[in-house]
Amino acid sequence: MRSKVLSICLLFTILMSAACTTQAAATPTEAPTEAPSSTPVEERTLTVMAAASLTESYTEIGALFESQNPGVTVTFNFAGTQALVEQLTQGAEADVFASANTKYMNAAVDAGLVAADTAQTFAYNKLVVIYPKDNPAGIAELKDLAKSGLKLDLADSSVPVGQYSLDFLDKAAADAAYGTAYKDAVLSNVVSYEENVKAVVTKVSLGEADAGIVYLTDVTADAAESVSKLDIPDELNTIATYPVAPLTASKNADLAQAFVNLVLSSEGQTILAKYGFVPATAQ
Amino acid sequence: MKNSTAHHPKKDSQLWKLLSAPMLLFILIPILSLFLRTSPADVFQNLHDKQVTQAITLSLSSSLVSTSLTLLFGTPVAYRLATRRFRGYHLVDTIIDLPTVLPPSVAGVALLMAFGRNGLIGSFLADIGITIPFTFFAVVLAQMFIASPFYIKSATLGFSNIDKQLIQAAELDGASRWQIFRYIFIPLSSKALMSGSVMTWARALGEFGATIIFAGNFPGRTQTMPLAVYIGFEISMNVALTLSIILICFSFLTLVIVKGFLHARMETEEELISY
């Protein structure tokens, strides 16, 4: 009886793993059909793996790239950077990788997905304090975040932006103008640690929270209708660096490099600035 | 299955056993792997983690409050549904069922729209200085919204299974409405009420989506066990595993209790029918 149970278990495991491998195998085979053996003037597809926060800006850069390169279609895969690295490691075929931080770009270099020294910083993102348009807590400066009874919404420390928010408070604590009392008072005002940054934006724009800390790029044109923002000075801020690089496995190396160049060009930088990123050239 | 009319009953039963194995294993293996991934020593050690104890305390206290409130406010609804065929009966019945099929995230947004600081009712409450979101009470409301139908449905079923002749007899003897409710309805449907309460409690304990949206996530204030599992999955796998195991044990225990009660009730129903 036991051997029967064992054999069923084994069979089940084999079936499951078989299902997983076929799926993993299916993804890479799909890409080549999209990018048929590159005949020069014919249709070509450029696949770009980019961090979710780049969705709006990269879509626009992609449209520009297509208009500059007739016959080329740019397809995007937007996801959390960590998920992108995972997909690439699992063998997903792509041409360009744009990361939301240097940590994951370094991971891609270590995994041999990106050639060393080909990654270039194309934009920066930073933290900003947001509050509802009607400003129920009367926020005028950073010190107001310490007002007693204020409802502050932060991202959880497991989310990069949540960790950056805590870093900001640490820097403020070390700054004579604010001090540790400021950090403690601000932390005691936190009503929730959200599991993602968009939840912070939503709760502040709904007016449920008096203030929140998010990325500058989270204050999209849409969000700006219901929230106002308060800058955090650079010396207290954490600057997130966005690097981009062509992938070593790319079958369209020329196009991949051309796309990277466009992102770094003044046209690309203008688009990124439009969506709230700090252009690389500005630093 | 035991005594099928097929030609080879034994062979047949073997076949069914084999066919049912994949589904059973599919459910069993993930749960087993959760237990195999950790050791009892680890679980007990993690029980002393502040985040874990806070989450357990908060989950137990909030689910007890939400279950009690459900008993208080749900029983009249169940009584009405069981004893009256009023206009709009089906509408009320459907409304009660709605939270069980709604995605909890939708419930969370809905609660925010109603009881949020700028919500339909919340804005009036805010004027008198009461804000609900991000508080313990918000956790309770989220749980009640999602979990109360389980009690109400069970209680309604229990109340409607009571023999009408018994009630008529009591009325003839001059019993008041309250006496009938207190001495006939409650005792005769006690098992349905109990199993309904336990189901509501268990569902409240597992509530996640509405809570994280409406009450937020703050350790010790609104971070219940499911929230700690979700957040813990991203920072501390040990916390997530320990709380998952506790939640599985609670759920298992709940089902054992409920199935015990339900089984007993079905037997009494059979007795009634044979009467």
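I count a salt bridge when a side-chain nitrogen of Lys or Arg lies within 4 Å of a carboxyl oxygen of Asp or Glu. The model I am looking at is predicted.

**Entry 1: the contact between chains A and B**

With that cut-off I checked the pair Arg117(B) and Asp210(A). Their side chains meet in a salt bridge, at 2.5 Å from N to O. The count between chain A and chain B is one salt bridge. I then looked up polar contacts across this interface and got nine residue pairs, both residues at pLDDT 80 or more.

Which elements of chain A supply at least two residues each to the side that touches chain B? I found α1 (2-34) and β7. Strand β7(A) gives the most, with five residues. I sorted that side of chain A by class: nine nonpolar, three polar and eight charged residues.

Next came the extent. The size of an interface is often given as the accessible area lost when the parts come together. Here chains A and B bury about 2100 Å² between them. Carbon and sulfur atoms account for 60% of that. In residues, 20 of chain A are in contact with 26 of chain B.

**Entry 2: the five-stranded sheet**

I traced the sheet that holds β7(A). It is open, with the order β7-β6-β8-β5-β9 in chain A and mixed pairing. Strands β7 (190-194) and β9 (227-231) of chain A are at the edges; each has a single partner strand, so one side of each lacks a neighbour in the sheet. From one strand to the next, the twist averages 30 degrees.

I followed β9(A) to its partner. Strand β5 (residues 127-132) of chain A pairs with β9(A) in the antiparallel sense over five bridges. Tyr131(A) has Ser228(A) in β9(A) as its bridge partner. Helix α5 (residues 160-174) of chain A packs on this sheet and touches β5, β6 (152-155) and β8 (211-215) of chain A. I read about 115 degrees between the directions of α5(A) and β8(A).

**Entry 3: the six-stranded sheet**

This sheet of chain A is also open, with mixed pairing and the order β2-β1-β3-β10-β4-β11. Why do β2 (72-79) and β11 (278-279) of chain A each have one side without a neighbour in the sheet? They stand at the edges, each with a single partner strand.

For β11(A), I noted antiparallel pairing with β4 (residues 120-125) of chain A over two bridges. Ala123(A) stands opposite Pro279(A) there. Helix α3 (residues 81-89) of chain A packs on the sheet, touching β1 (44-51), β2 and β3 (96-98) of chain A. Its direction makes about 135 degrees with that of β1(A). Helix α4 (residues 102-110) of chain A lies across β3 and β10 (240-246) of chain A, at about 30 degrees to β10(A).

Definitions and conventions. Residues numbered from 1 in each chain as written. Chains lettered and ligands numbered in written order. Predicted model: local features only at pLDDT ≥ 70, side-chain atom pairs only at ≥ 80, totals over all residues. Heavy atoms only, no water. Pairing = 2+ DSSP bridges. Helix = DSSP H or I, 4+ residues; strand = E, 2+ residues; numbered from the N terminus. Contact = heavy atoms within 4.5 Å. Axes fitted to C-alpha atoms, helices over the stretch in contact; angles between N-to-C directions. Buried area = accessible area lost by both parts, 1.4 Å probe. Polar contact = N/O pair within 3.5 Å; in protein donor to acceptor, adjacent residues only side chain to side chain. Nonpolar A, V, L, I, M, F, W, Y, C, P; charged D, E, K, R; others polar.
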